[in-house]
Each structure stands twice: as C-alpha cells, then as structure tokens.
Protein chains: 4
Amino acid sequence: MRVRVGIVGASGYTGAELVRLVLGHPELELGYLGAREKAGQRLGEALPGTEGIAGLSDRRLEAFEPGAASELRGRIDVAFTALPHAASARAGAALLEAGIRVVDLSADFRLADAAVYEEWYGEHPAKALLAQAVYGLPELHRAELRGARLIAAPGCYPTSSILPLAPLLSAKLIEPSGIVIDSKSGVSGAGRSAAANTHFPETSEGMRAYKVAGTHRHLPEIEQELSRAAKTPITVVFTPHLAPFSRGILTTAYARARAGTTAEQCRDAAEGQYREGLVTVLRDGRLPDTLWVRGSARAHVAYALDERAGVVVAMCAIDNLAKGASAQAIQALNVCLGHPDALGLPQVGTFP
Amino acid sequence: MRVRVGIVGASGYTGAELVRLVLGHPELELGYLGAREKAGQRLGEALPGTEGIAGLSDRRLEAFEPGAASELRGRIDVAFTALPHAASARAGAALLEAGIRVVDLSADFRLADAAVYEEWYGEHPAKALLAQAVYGLPELHRAELRGARLIAAPGCYPTSSILPLAPLLSAKLIEPSGIVIDSKSGVSGAGRSAAANTHFPETSEGMRAYKVAGTHRHLPEIEQELSRAAKTPITVVFTPHLAPFSRGILTTAYARARAGTTAEQCRDAAEGQYREGLVTVLRDGRLPDTLWVRGSARAHVAYALDERAGVVVAMCAIDNLAKGASAQAIQALNVCLGHPDALGLPQVGTFP
Amino acid sequence: MRVRVGIVGASGYTGAELVRLVLGHPELELGYLGAREKAGQRLGEALPGTEGIAGLSDRRLEAFEPGAASELRGRIDVAFTALPHAASARAGAALLEAGIRVVDLSADFRLADAAVYEEWYGEHPAKALLAQAVYGLPELHRAELRGARLIAAPGCYPTSSILPLAPLLSAKLIEPSGIVIDSKSGVSGAGRSAAANTHFPETSEGMRAYKVAGTHRHLPEIEQELSRAAKTPITVVFTPHLAPFSRGILTTAYARARAGTTAEQCRDAAEGQYREGLVTVLRDGRLPDTLWVRGSARAHVAYALDERAGVVVAMCAIDNLAKGASAQAIQALNVCLGHPDALGLPQVGTFP
Amino acid sequence: MRVRVGIVGASGYTGAELVRLVLGHPELELGYLGAREKAGQRLGEALPGTEGIAGLSDRRLEAFEPGAASELRGRIDVAFTALPHAASARAGAALLEAGIRVVDLSADFRLADAAVYEEWYGEHPAKALLAQAVYGLPELHRAELRGARLIAAPGCYPTSSILPLAPLLSAKLIEPSGIVIDSKSGVSGAGRSAAANTHFPETSEGMRAYKVAGTHRHLPEIEQELSRAAKTPITVVFTPHLAPFSRGILTTAYARARAGTTAEQCRDAAEGQYREGLVTVLRDGRLPDTLWVRGSARAHVAYALDERAGVVVAMCAIDNLAKGASAQAIQALNVCLGHPDALGLPQVGTFP
C-alpha cells in the first residue's frame with residue numbers, strides 16, 4: 001500500500017516541486033493539499049501546469065489550521081510542511097501530535113540549539129521537538145533518519161555548502177578556520193511572492209550580493225553541520241548572491257589546505273562519504289554547473305587545489321528546489337522508510 | 001518484459017530528452033545509445049547531468065552506421081532516430097530492415113508526398129517507406145498508430161500549430177483560407193550546435209522573426225495536417241520567431257470565424273477532439289504560457305474570438321523538446337504499443 | 001541657453017530613461033525631478049545608477065502636486081509627464097496652465113476622440129486639451145509638432161505597429177481590412193511595480209499572450225493612426241505578448257497585399273515616408289531584432305511578401321523605453337523646437 | 001579640432017562598444033574602422049545597430065595589416081587596438097611606429113614583466129614597448145597617463161578586482177596575504193565568437209566556475225596591480241564564474257582585516273583614492289549590482305566587515321565592456337589628453 005502524503009503549503013515553489021515529485025514516486029500518493037492564501041482554489045488555478053490532468057487539477061487546496069490537524073489522521077501518513085518559519089513549526093507540532101510523520105521544509109527544526117534559533121528567527125513555537133528532529137541530509141545523517149518521526153529538510157544554501165566541505169573537514173584535509181563560502185542562487189530561492197528585487201527587469205541583467213558579512217539566516221545551519229563534521233566549532237564567512245536564473249545554486253568555497261593535501265584526496269574523501277546518496281564527485285577537471293542538475297535530485301561537487309596559495313576550492317551545484325529542498329525531503333523520507341535514496345526521484349534533470 | 005529502446009543521436013537535445021524520459025518510463029529500458037560526432041564518449045561526458053549515476057554515466061555512445069543496423073537486432077525492439085534529415089531516413093530504413101520498430105524524430109517521414117519533401121529537403125533516401133509511415137500526433141492519428149512499424153514524430157512548430165487549429169477546421173468553425181500562424185520558439189529548437197545567432201549575448205535580449213513568408217521547412221508539414229483536418233487544401237502564412245528562453249513554443253494563430261462561431265464552440269470542439277491524449281483546453285479566460293508546460297508532455301490550448309474583426313485567436317503552448325519532440329515520440333509509441341498515452345511521461349512540468 | 005526640463009514621474013522606467021537621455025542631450029538640462037511614492041528620496045536612492053555622480057545623485061525627487069504647478073514656472077520650460085493615466089492629464093493641464101510646454105508619456109492625450117478615451121480609461125480629466133494635443137510620432141506628424149505646446153508621446157505597442165504599416169496604407173499597397181498585429185514585448189513595458197506575472201522565476205522561461213482579441217488599451221491608438229494614414233477607418237486584430245527580456249518590442253504584422261504589390265514597393269514606400277526621422281528600413285533579407293535597437297532611439301522595419309498567400313509581413317523592432325517612449329518624446333521635442341530629430345539621442349544602442 | 005580615432009577590431013564586442021562611445025564623445029571622431037574576418041563588410045552589416053544611420057552604416061571595415069600602419073598616419077591620431085593577444089601587440093607596435101598614439105585593449109601591454117607575460121601568453125612580439133606602456137586604470141595611474149603614447153587598457157576582471165582592493169592595501173586596512181577574489185561575469189566577456197559554452201540553451205540556466213585555482217590569465221595582472229598598491233608582492237586566489245547575463249562583472253573579494261579595521265575606514269579609504277575618476281563608493285548598507293552600471297562608465301564599490309571572522313568583504317560591480325574595457329579605454333585617453341575623466345562618457349547606464 002502506498003504511503004499517503006500531505007503537502008502543507010502546496011502552492012509555493014517547494015510545494016509545487018513536491019507535487020511534481022510525489023506524482024512521479026511509485027510508493028507515494030497525494031492525500032492532502034493544504035495552503036494558506038490560496039486555500040479554496042483548485043490546484044489547476046494555483047498551479048496551471050496541472051490543468052487538464054484528470055484527478056489532479058480539480059482537487060482543492062484546503063485551508064490548513066494546526067488546530068484541526070487531527071482531522072488529517074487517517075487521511076495521510078506523512079506531511080510535508082512548507083510554510084514560513086514559526087507557522088511551519090506550529091503545523092508540524094500539530095501534525096506530529098495527530099500521529100503523522102512530518103518532513104518540515106522550513107528552518108524551524110534544523111537548528112539543534114533553540115537559543116541559536118531564537119537569535120535568528122525569534123521565539124520558537126515548539127522548542128521541545130528540537131531534540132527529536134533529524135537533520136535531513138541523508139548523506140550525513142543516514143542512520144538517524146531511519147524511522148524518524150520529525151525530519152528537518154535542509155536549506156538550499158546549507159545543502160550546497162555542507163556537501164562539498166563536510167568530507168574535507170571529517171578527513172582533516174582542510175583547516176577548520178578561515179573558510180569562505182560564496183554562493184550564487186537562482187531567483188526561485190526567494191520564493192513565489194513578487195518583490196521589487198525579483199521583478200524581471202531588475203533581475204535579468206543584475207548580479208548582486210545580499211545579506212553579507214554574517215547576516216544571512218542560513219549561516220548558523222551551515223556552521224552547525226560543518227562543526228559536526230569537523231568535531232570542532234566552525235565559523236565561516238558566507239555570502240549569498242542573487243543571479244539571473246530561476247533554479248539552482250552554485251557554491252564556491254575556499255579553505256586553507258592542510259599540509260600535503262591534494263585535490264585527489266579531497267575527491268576521494270567525498271567519494272568515500274558519498275558512496276550512498278545522491279552526490280556526484282566530478283573528476284578530470286570538470287566543474288559543477290547548475291545547468292546539469294536542473295530538476296534533478298543530485299548534487300555535483302568538485303575540488304581544485306590552488307597550490308600557490310595553499311587553498312582548496314570546493315564547488316557544488318544543486319537545484320535549489322530539488323536537492324536543495326523538495327527532492328531532498330523525499331530522499332530523506334525514502335531513507336526514513338527504508339527505501340533506496342533515489343526511489344522515484346529524477347536523477348537526470350531537464351537539459352537544456 | 002520491458003521494451004528495449006535505442007536512441008540514435010543520443011547527445012543532441014531531443015536525444016538527451018529521450019534519455020531522461022525513457023529512464024522515467026516503467027515499460028521502457030535503454031538498450032542502445034548511438035551518436036555521430038560524440039561516438040565513443042561516455043554518456044557522462046556527453047551529458048554531464050548523468051554523471052555519477054550507476055549504470056548510466058559509464059555507458060558509451062556507440063558509433064551508429066546504417067550498414068551495421070542488423071547488429072542491433074536482438075539488442076533493441078524500438079529505435080528512436082534523431083539525426084539530421086536524410087541521415088535519419090537512412091538510419092530508419094536500415095533499422096526497419098533489421099526488424100526494429102522506428103520512431104523517427106527528423107522530418108524524413110512526416111510528409112506523405114515525396115515530391116513535397118524533395119522540394120524542401122532534397123532527395124529522399126527512402127521514399128518507398130513514406131507510405132507506411134504514420135504521422136505521430138496521437139490526438140489526430142490514434143487508430144493508425146496502433147501497431148505501426150514506422151512513426152514520424154511531428155515537428156515542434158507543427159505540433160503547436162496543428163493542435164489548436166485542427167479541431168476548428170474539422171468542426172468548420174473557421175474559414176480554411178487566410179490563416180496566419182505566428183510562433184515564438186525558445187532557443188533549444190535550434191539544436192545543440194553553437195552558432196552566431198544562438199550565442200548568449202546576441203540572444204538573451206533579442207527577439208526576432210526568421211524564415212518568414214513561406215520559407216520555413218515546417219510549413220508543408222503544418223499544411224498537410226491542417227488540410228487533412230479540413231478535408232480541403234490549406235495554405236497558411238507561418239512566421240517562426242526566436243525568443244530568449246530555452247524551452248517552449250507559443251503559437252498564436254489567427255483565422256476568420258465562420259458566421260456564428262463562438263469561442264465556447266472552439267473550446268468544445270477541441271475538448272471533443274482531445275478527450276484522449278495530452279492536450280489541455282484552457283477556460284475562463286486563461287491563456288497558455290510556456291512556463292506551465294516546461295518539461296511536460298502536455299500541450300495547453302486556448303481560444304478567443306475577436307468579435308470586431310470576426311477572427312478566432314487560437315493559442316498553444318508546448319515544450320518544444322517534450323510535447324514538441326521526445327515526449328510526443330514516446331506518447332506515440334505508447335499508443336502504438338497499446339498503453340495509455342501518458343504512461344511514464346511527466347504531465348506536470350518543472351515549475352518554475 | 002539650454003532648455004530646462006522637468007520630469008514628473010522620474011523614478012519609473014520611462015522617467016529613468018528620460019533622466020539618462022536628458023543628461024546626454026546638449027540642449028537640455030534637468031531643472032526638476034518630480035515623483036509620487038518616492039517623493040523625498042535622493043535620486044541616488046531611487047535610481048542607484050546615478051549614485052556618486054556629482055550634482056545628480058543628491059538631487060531630491062520632489063512631490064508633484066498639480067495644484068502647485070505654477071511654482072515650476074521659471075524653473076522649467078518643458079515638462080515630461082510620465083504618470084499613470086488621468087493623473088498624467090491632471091499634471092499636464094496644470095503645467096500648461098503655468099505656461100510650461102508639456103510632453104506627456106501617458107495615454108491621456110493620444111486619442112483625439114474623448115469618447116474613445118473614456119471607453120477604455122474612464123473619465124478624462126482634461127478633455128478640452130485634446131484638440132490641441134499633437135500625436136508625437138515625428139515621422140508622421142512632423143509639421144504639427146513644430147511649436148506644439150502639448151505633445152502626446154505615442155505608446156510603445158502603437159509605435160511598433162504604426163511605423164511598419166502606415167506607409168503601406170498611405171501608399172495603398174495593402175488592404176485596409178483584415179490586418180493582424182502580433183507584438184512581443186519585453187517586460188519593462190509592464191512598468192516598475194513588481195507583480196506576480198513579472199516575478200523573475202515566472203517570467204524568465206515564460207512566453208504568453210495577454211489582453212487578446214481586442215481588449216488591450218493600445219488598440220484604439222493603433223487604429224486611430226492607421227486610419228489617419230489610410231484615410232479610411234481601420235479595424236485591426238492586435239495581440240500583445242510578454243516575452244522574457246527586459247527592453248524591446250518586436251511587432252510582426254500581417255496584411256493582405258493589393259494586387260501587384262511587391263516587398264520592394266513596401267520598402268520604397270517606407271523609405272520615402274521615413275526620409276526624415278529615426279526609422280531604418282532593412283533590405284537584403286535582413287529582419288529586425290530587438291537586440292540591435294536596445295538603448296537606441298531608432299526603429300528598424302522590414303518587409304516580406306508571402307506570395308502564396310498574398311500577404312505582406314511587416315516587421316518592426318524598437319526599444320520600448322527609447323523609441324517606444326522616452327527617446328521618442330525627446331525626438332518629438334527636438335522637432336517641436338526646430339532641432340534635428342536625432343539631436344542628443346543615441347542612435348547606436350548598447351550591443352550586446 | 002577633434003581627435004581622429006581608429007578602431008582596430010571594430011566588429012568585436014569591445015570594438016562595437018568603442019563605436020558607440022566614440023559617437024557620443026564631443027572631442028573624438030571616427031577616422032578608421034579596421035577588422036580581420038569581417039574586413040570588407042559595411043559597418044551596417046557587421047553591426048546592424050548602425051544600419052540606416054547616415055555617414056555611418058555605409059562605412060567599410062578595412063582590413064588592418066600592421067605592415068601598412070603607416071598609411072594611417074594623417075588619417076587618425078589615436079588607435080584603439082582590440083585584437084587577440086600578440087596580434088594586438090603587433091598592431092600597436094606598427095601604429096606607434098607610424099606616430100599614432102595607441103590605446104590597446106588586449107592583454108599585450110598590461111604586464112610590466114615580459115617573463116610573466118610569456119608564461120601566460122607565449123612569446124611577446126614587442127617586448128621593448130612594455131617599458132613605456134602605462135596601465136590605463138586612471139584612478140590608480142593618473143599622473144603616468146598624461147601624455148602617454150601607449151596605454152594598456154585593463155582587463156575586465158582586473159578592473160573589478162583592483163578597484164575595491166587597492167585602496168585597502170594602500171591604507172593597510174587588510175592583510176596582504178590570503179586574499180580571495182570570487183568574480184561573476186556576464187557572457188559578453190567571452191567575446192563575440194559562438195562556442196558550446198556560450199550557446200544560449202546551455203548558458204541561460206547555468207552558473208559555473210571556470211579556470212579555477214590560479215589558471216586564469218587575468219591573475220598576474222590582478223596581482224601586479226595589487227602588489228603595486230600594497231608595495232609588497234601579493235598572491236591571490238582568483239575564481240572567475242560565468243553567469244547568465246550579457247554585460248557586467250560582480251566581484252566579491254575577501255581579505256583578513258587588520259586589527260581595528262572598520263567598514264567605514266574602508267569606505268573612507270576608497271573615497272579618498274577615488275576622489276577623481278569614475279568610482280562610486282556605496283554607503284548605508286547598499287551593495288553593488290551589475291544592474292545599475294550596465295552601459296555606464298562607472299564602477300560601484302562597497303565594503304562590509306564580518307566581525308565574527310575578521311574578514312573584510314569588498315565588492316565591485318562594473319559593466320565589463322564599459323568600465324571593464326572600452327569606456328575605461330576612453331577614460332584613460334581623456335586623462336591622457338588632459339580632459340576630465342568622464343568627458344563624453346555615459347555615467348548613467350541603461351536601466352533597466
């Protein structure tokens with residue numbers, strides 16, 4: 001029998017991507033579609049790409065209220081919650097309470113330390129749950145994911161930052177201090193709400209940094225996971241950029257090489273770490289390109305050593321909505337349920 | 001047992017799209033990958049998006065020679081041929097001879113009249129096969145496709161032009177003369193070879209018509225199918241345009257309304273025609289947008305009536321590589337093999 | 001002594017383009033910058049591209065109130081009004097009253113017939129002025145522009161539609177009935193306010209028609225000018241499209257050729273009409289491309305004859321903010337003041 | 001009397017930009033247009049944006065041969081050479097020999113040390129001239145530029161890297177070791193020749209690093225100028241990226257702050273350095289965006305201090321073809337000739 005899933009926040013970008021991916025998954029079926037502003041709309045109205053598909057486009061987006069989560073008991077087995085922070089935690093808490101497994105795509109359950117959360121996001125509405133939440137990066141938290149009731153799907157910038165760096169820190173190939181992470185994101189990362197800085201004419205020929213110098217909310221999440229990998233506290237410089245494309249993040253990270261480190265050792269460390277999972281380690285001088293992972297659940301990583309400077313350049317390309325959000329959430333659920341990571345997920349993206 | 005398919009021309013855009021779609025299809029498996037310039041390369045080299053996928057990226061693109069087609073007997077049941085015209089016909093002829101079913105994605109088997117073909121493309125290398133080729137638009141040629149040995153997958157412009165107009169001609173809602181078809185294509189329609197007119201800096205802010213006034217090779221294909229639908233010879237004005245996006249075609253067609261024709265009648269005629277198949281008829285004033293069909297096997301059509309001028313505006317959006325090429329080729333094969341049209345095909349595209 | 005100009009609505013796209021162009025004009029100087037929502041801001045804040053330029057970035061956007069227009073007497077000689085419709089008319093009326101010449105970039109003074117205006121836009125706040133307003137397309141209204149006190153700068157779609165068709169109608173090379181105009185606009189035509197349909201991720205791979213079948217407000221303006229050229233009432237089918245680029249409009253128009261009409265006659269008619277002005281007639285099979293007019297005050301037109309169908313294909317590319325708005329407004333002012341059309345205007349755009 | 005300039009390599013992107021800028025310059029006039037592959041073409045053919053402009057589009061691109069440079073004596077006073085490396089040096093040498101002032105836009109005269117040049121580019125055809133060449137970054141080499149006979153216009157990446165960092169090094173606000181420069185370039189930086197990696201469909205949704213880890217040819221130029229500013233040898237890590245837009249470079253550089261350094265000190269140092277010239281120092285948390293300098297001769301720089309990490313983030317946005325190439329070449333000529341830097345140059349770009 002297939003697992004019935006609900007998507008709370010189905011009309012946003014991560015929600016829409018979940019709809020696409022769940023439809024292609026042999027063991028999942030859509031049991032519930034929840035929304036907030038668009039509640040009451042037909043799915044075909046909120047996501048016209050579904051229009052005309054029998055059994056899909058006429059389904060209604062239901063108004064999700066945490067107080068009524070118990071009514072979903074029996075309708076769904078798993079809920080993907082993709083709401084703004086705090087709202088997502090409240091939804092997740094109510095769903096868990098109703099006996100429904102939760103994969104949360106907001107930031108609400110990613111940070112183990114409530115104090116850190118509150119520094120960046122304000123009060124946490126469900127602090128007590130942090131202890132049981134598993135950080136849903138299957139390549140690093142495989143064992144904990146099996147059977148988990150509450151999974152915190154990682155952020156897009158963190159995914160693209162942690163994947164290339166964690167194996168180098170674990171293997172002590174780079175110094176834990178002085179790491180610089182320079183990330184370039186497509187515009188879908190900003191979400192579906194229109195705003196001046198994502199208005200087409202002011203985006204299509206623009207390239208810009210934002211939230212520089214330690215002010216972006218994904219910073220503590222990156223540092224938490226890199227610290228875990230390094231087994232020592234890590235502080236990084238992180239700069240997000242907005243680039244004129246829709247989907248994808250390219251991260252270029254810089255770290256001081258330990259004495260004797262080679263690029264080949266970096267590749268080997270990553271391959272060792274990523275024997276299971278959905279990470280490709282590029283070789284032979286090939287470098288990641290968001291072009292190649294668009295719509296795909298895979299990440300591409302690569303390494304180069306700048307010998308003059310003694311710096312490792314670690315790069316990673318993902319689709320921010322796929323491996324950086326919805327596909328990774330399903331990958332984590334796959335692992336949780338005992339399936340292969342890739343079950344039902346597109347590994348080859350749409351090219352071009 | 002799954003049907004084993006070969007892709008001849010696997011490194012071009014339609015070939016790459018076939019790889020993606022075959023991998024997601026439950027009844028098909030990849031039995032052969034053929035190429036010309038890239039023969040000998042690993043698939044991961046030709047299509048880096050496949051890199052790191054076990055069992056896929058290390059497969060080699062084999063040099064396809066029509067003379068050696070018989071060696072594929074036993075390895076594959078169906079071949080998708082996606083080569084330049086004439087080369088594709090030669091490949092198809094050899095494969096058919098070897099007992100392999102052929103779905104050809106070039107123009108070589110689309111025109112029933114060899115004389116018309118030769119006017120536009122030069123000598124036809126396998127004229128005798130034209131009689132058995134079925135035009136692979138399942139919504140219009142469903143019955144002929146069942147069990148067909150040679151399927152000519154339609155062109156992208158023709159698909160987007162025929163789908164909105166054919167039902168109106170069949171139902172005599174528009175005049176057969178004076179039809180104007182204005183199509184806007186994304187750049188992937190020009191293929192994977194780099195050229196001055198597809199160089200990013202000279203494309204990204206450019207919008208242009210080309211091959212105007214009856215000089216584009218897709219014209220006879222459009223006219224053949226519209227004439228079949230109208231049961232009378234049709235001459236159209238067709239203008240292709242290149243627009244700065246990768247995937248998709250939007251076609252806006254103009255036809256004189258017959259007396260009394262309403263937009264609602266047009267929608268009803270299309271819905272009647274497209275009860276089976278992968279065409280969505282939009283209602284309530286919604287208009288097609290390539291945004292919504294990107295990566296999807298579906299077409300979206302819509303109609304409006306300009307009452308002042310007595311003109312029906314018929315619109316259609318497709319993904320040129322999906323419904324306009326590779327997904328439609330698989331849809332036609334599905335019908336040929338007795339499967340539902342949509343089997344294994346993505347109906348919801350990647351959004352955004 | 002240079003002419004002092006004011007820009008009312010300086011922070012929108014046409015206002016910003018006016019700032020750029022006035023700064024490059026040897027006979028104009030910026031005497032006043034007015035705005036509404038951004039009133040009070042430094043220009044460097046509203047238009048960061050001006051930041052750091054001495055004497056410019058620190059100027060304030062002043063709150064424009066029609067009631068206080070008389071205070072601008074003595075500060076400026078000419079006002080460019082670029083406000084939403086109705087507001088623009090009120091501004092223009094007040095400025096004229098204050099003895100200031102007005103070049104209005106809204107739709108408010110373009111339609112000679114107040115009844116037609118009110119059908120499309122609602123009540124006109126300054127109907128009495130319509131009689132003295134001159135339609136600011138210098139290539140067609142040169143004589144009336146000399147010394148005009150009130151100039152209505154044409155809309156972007158109308159400019160790109162009228163320029164290729166008017167000479168053919170004047171010369172009776174095409175039939176006046178059955179004309180179809182299919183226009184593709186860049187996104188800056190939608191203005192500077194962010195909206196869902198101009199949000200980058202939902203625009204960058206989208207191509208769509210909108211306001212089809214006689215529902216776009218630029219229709220009456222197009223028909224007014226084509227009727228003047230044809231000396232007979234003209235009804236057209238007009239379809240605007242939004243395409244994923246920032247600046248430019250490409251219009252492809254279709255008209256039935258009169259017996260004997262050749263493409264060469266069309267080119268000759270246009271060249272005759274456009275001996276003066278800023279319109280290039282392309283020859284030798286070259287077709288217009290928005291790429292080539294980006295940032296330029298020129299329009300490119302071309303013609304082809306589809307002999308099978310007896311249809312003239314008339315094409316035009318402009319920069320919607322330059323020849324389609326602000327540069328044309330200055331061109332009209334140049335003619336009004338007795339200067340050459342091109343004075344101070346960029347004729348070569350930014351390429352690429 | 002105006003200075004007559006020649007452009008050798010007029011049909012490439014920097015050449016086309018020179019044409020645009022020279023036409024807008026009150027003290028320069030176009031005396032000669034030279035080309036290689038496109039020699040013999042009308043300018044209107046090579047650059048259709050000039051088509052229809054009297055006195056311009058019908059001018060011929062002349063075949064430039066260094067051996068015949070003396071024939072240009074008397075026709076032009078200054079030559080801009082914009083050819084591939086080595087060819088440009090040969091052209092420059094011949095033109096200087098003919099008594100013509102040279103502003104070279106290739107890499108040939110930028111590196112003071114011939115050995116360094118030859119390590120990156122192969123043999124230098126005019127080594128003896130290196131001693132007299134002035135690096136044409138007016139903000140740093142103002143005095144040397146006055147009256148210079150041979151000016152080496154800086155590269156685009158170097159301009160965007162040197163401008164934000166040089167003042168910090170001069171003022172000893174950052175450590176000279178450990179600097180990381182992460183640059184994101186638009187595609188026009190790759191030149192006008194079509195190639196697989198600049199083919200629209202493989203660029204428009206792609207974001208990628210290339211020539212990583214000390215392998216890009218602009219590296220020695222960056223290090224030369226930063227070393228001059230620091231008065232000590234500097235080694236940097238430099239990563240160029242290709243991003244999907246046409247014009248512009250955004251550089252984000254990272255350097256360890258000296259004890260006590262504040263962001264305000266960085267801004268003050270830059271403002272002090274750039275009191276003359278075309279560099280805007282942004283304040284109040286505003287960050288550079290290529291959007292705002294498109295088509296403009298200005299650079300925008302900004303600074304932030306990451307206090308947790310002790311790292312200064314120094315950012316710069318330029319138009320790679322304007323301040324990063326042709327506009328800067330003219331700015332350098334302006335300074336050379338005793339004009340203000342900005343004479344005839346657009347300081348406000350095209351927005352949007």
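Which side chains meet in a salt bridge at 2.5 Å, N to O? In this predicted model, the side chains of D:R308 and A:E223 do so, a salt bridge being a side-chain nitrogen of Lys or Arg within 4 Å of a carboxyl oxygen of Asp or Glu.

Local features need pLDDT of at least 70 and side-chain atom pairs count only at pLDDT 80 or more, whereas totals for chains, interfaces and linings use all residues; side-chain values use heavy atoms, with hydrogens and water left out. Residues are numbered from 1 along each chain as its sequence is written, and chains are lettered from A and ligands numbered from 1 in the order in which they are written.

The pair D:R308 and A:E223 belongs to a count of 8 salt bridges between chain A and chain D. Between these chains there are also 28 residue pairs in polar contact, both residues at pLDDT 80 or more. A polar contact is a pair of N or O atoms within 3.5 Å; within protein, one must be able to donate a hydrogen and the other to accept it, and residues adjacent in sequence count only if both atoms are side-chain atoms. On the side of chain A that touches chain D, at least two residues each come from β8 (179–185), β9 (208–209), α7 (219–230), β10 (236–242), β11 (249–256), β13 (299–306) and β14 (311–318) of chain A. Helices (H or I, at least four residues) and strands (E, at least two) are DSSP runs, numbered from the N terminus. By class, this side of chain A holds 27 nonpolar, 9 polar and 11 charged residues. Ala, Val, Leu, Ile, Met, Phe, Trp, Tyr, Cys and Pro count as nonpolar, Asp, Glu, Lys and Arg as charged, and the others, Gly among them, as polar.

In this interface, 47 residues of chain A and 47 residues of chain D are in contact (heavy atoms within 4.5 Å). Chain A and chain D bury about 3,600 Å² between them, 62% of it on carbon and sulfur atoms; buried area is the accessible area (1.4 Å probe) that two parts lose on being put together, summed over both. Of the area that chain A buries against chain D, A:E205, A:M207 and A:R308 supply 19%, more than any other three residues.

The contact of chain C with chain D takes 37 residues from each of chain C and chain D. About 2,900 Å² is buried between the two, 62% of it on carbon and sulfur atoms. On the chain C side, C:V348, C:F351 and C:P352 lose the most area to chain D, together 22% of what that side buries. The interface has 2 salt bridges, and the side chains of C:E51 and D:R286 meet in a salt bridge at 2.9 Å, N to O. The elements giving two or more residues to the chain C side are α1 (13–23) and α2 (43–46) of chain C, and α1(C) gives the most, with 5 residues. That side comprises 14 nonpolar, 12 polar and 11 charged residues.

The same surface serves both, as 100% of the contact residues of chain C recur in chain D.

Within chain D, D:S11 lies in the loop between β1 (3–8) and α1 (13–23). At 12% relative accessibility, D:S11 counts as buried (under 20% relative accessible area, with exposed over 50% and partly exposed in between; 1.4 Å probe, protein chains only). Neighbours within four places in sequence left aside, D:S11 is in contact with D:A35, D:K38, D:A46, D:L47, D:L61 and D:R192.
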